[in-house]
Amino acid sequence: MKKLLPWIVGLGILAIIALWVANVYNAFIASEEEVESSWAQVENQYQRRADLVPNLVATVKGYAAHEQQTLEGVVEARAKATQITIDPATATPEQLAAYQAAQGELSQALGRLLAVAENYPDLKANQNFRDLQAQLEGTENRITIARQMFNETAKAYNKTIRRFPNNILAGIFGFDKKPYFEAEEGASKAPKVEF
């Protein structure tokens with residue numbers, strides 16, 4: 001019996017280590033799934049905005065046909081924004097920055113389109129335009145919330161894989177840090193207002 005005792009103790013220690021590794025690995029997987037789920041919500045909200053753009057452009061086109069350059073700018077920005085896709089499992093900060101830049105271009109183009117609409121009282125009075133504008137504003141708010149949620153889940157994931165001794169297992173199993181959405185360049189500067 002005394003000869004078996006070291007083997008039993010050794011197997012017990014190995015079992016405890018194996019259970020700990022399995023528990024940590026499963027925590028990594030659960031946290032990574034949260035990041036991917038929150039990323040899907042970001043994409044969902046950006047897609048919702050992209051789906052609103054053709055209707056908004058068509059409505060404005062009926063009232064402001066000579067604003068062709070602005071309308072084309074919105075359509076081109078939408079096309080560029082919808083072409084960029086990111087796999088959250090392998091996303092890099094550079095990919096996320098490119099995605100964010102494309103979405104920012106669409107936001108700017110939509111801003112120019114809405115500014116043009118101010119010159120057309122009949123368009124501003126059109127119920128369809130007002131409904132689309134309200135939906136677009138709501139979608140922009142949803143995008144902000146989805147991005148915040150993504151950043152929060154990415155932060156939780158990053159904390160999980162970077163803590164000791166989890167960081168050792170994260171390195172062994174290939175779990176890498178997830179990037180965050182960051183403020184757009186110049187966002188910290190107050191806009192210049194001229195009258």
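Residues are numbered from 1 along each chain as its sequence is written, and side-chain values use heavy atoms, with hydrogens and water left out. Because the model is predicted, local features need pLDDT of at least 70 and side-chain atom pairs count only at pLDDT 80 or more, while totals for chains, interfaces and linings use all residues.

**Stop 1: H1 against H2**

Select residues 4-63, helix H1, and residues 68-83, helix H2. Helices here are DSSP runs of H or I with at least four residues, and strands are runs of E with at least two, numbered from the N terminus. Two packed helices are described by the angle between their axes and the distance between the axes. Axes are lines fitted to C-alpha atoms, for helices over the stretch in contact, and angles run from 0 to 180 degrees between N-to-C directions. H1 and H2 pack at about 170°, and their axes are 10 Å apart. That makes the pair roughly antiparallel (angles under 35 degrees count as roughly parallel, over 145 as roughly antiparallel, 65 to 115 as roughly perpendicular and the rest as oblique).

On the H1 side, show Ala50, Asp51, Val53, Pro54, Val57, Val60 and Lys61; on the H2 side, show Leu71, Val74, Val75, Arg78 and Thr82. These residues make the contact, where contact means heavy atoms within 4.5 Å. By class, the residues of this contact are eight nonpolar, one polar and three charged (Ala, Val, Leu, Ile, Met, Phe, Trp, Tyr, Cys and Pro count as nonpolar, Asp, Glu, Lys and Arg as charged, and the others, Gly among them, as polar).

**Stop 2: Ala64**

Select Ala64, in the loop between H1 and H2. Ala64 is buried, at a relative accessible area of 0% (buried means under 20%, exposed over 50%, partly exposed in between, with a 1.4 Å probe and protein chains only). Not counting residues up to four places away in sequence, Ala64 touches Leu71 and Tyr120.

**Stop 3: H1 against H6**

Trp20, Val21, Val24, Tyr25 and Phe28 of H1 meet Asn166, Leu169, Ala170 and Phe173 of H6. The residues of this contact divide into eight nonpolar, one polar and no charged.

**Stop 4: along H1**

Select Gly12 in H1. Gly12 is partly exposed, with a relative accessible area of 31%. Draw a distance from Gly12 to Ala30: the two are 18 residues apart along the chain, and their C-alpha atoms are separated by 27 Å.

Go on to Glu32, also in H1. Glu32 is buried at 14% relative accessible area. Leaving aside neighbours within four places in sequence, Glu32 is in contact with Tyr157, Phe175 and Lys178.

Next is Ser38 in H1, which is buried at 6% relative accessibility. What does the side chain of Ser38 reach at 2.9 Å? It is the backbone oxygen of Val35. The Ser38 side chain also makes a polar contact with the side chain of Thr153, at 2.6 Å. A polar contact is a pair of N or O atoms within 3.5 Å; within protein, one must be able to donate a hydrogen and the other to accept it, and residues adjacent in sequence count only if both atoms are side-chain atoms. Beyond four places in sequence, Ser38 touches Met149, Phe150 and Thr153.

**Stop 5: H5**

Select helix H5, residues 127-162. The expected span of a helix is 1.5 Å times one less than its number of residues. For the 36 residues of H5 this gives 52 Å, and the end C-alpha atoms are 52 Å apart, which agrees. At the start of H5, a side-chain oxygen of Asn126 comes to within 2.8 Å of the backbone nitrogen of Asn128.

Within H5, pick Asn151. Asn151 touches Tyr180 and Phe181, not counting residues up to four places away in sequence. The C-alpha atoms of Asn151 and Glu182 are 9.0 Å apart, across 31 residues of sequence.

Then pick Ala156, also in H5 and partly exposed at 39% relative accessibility. The C-alpha atoms of Ala156 and Lys178 are separated by 10.0 Å, and the two residues are 22 apart along the chain.

**Stop 6**

Finish at Pro165, in the loop between H5 and H6. Most peptide bonds are trans. The bond joining Phe164 and Pro165 is cis, with omega about 0°.
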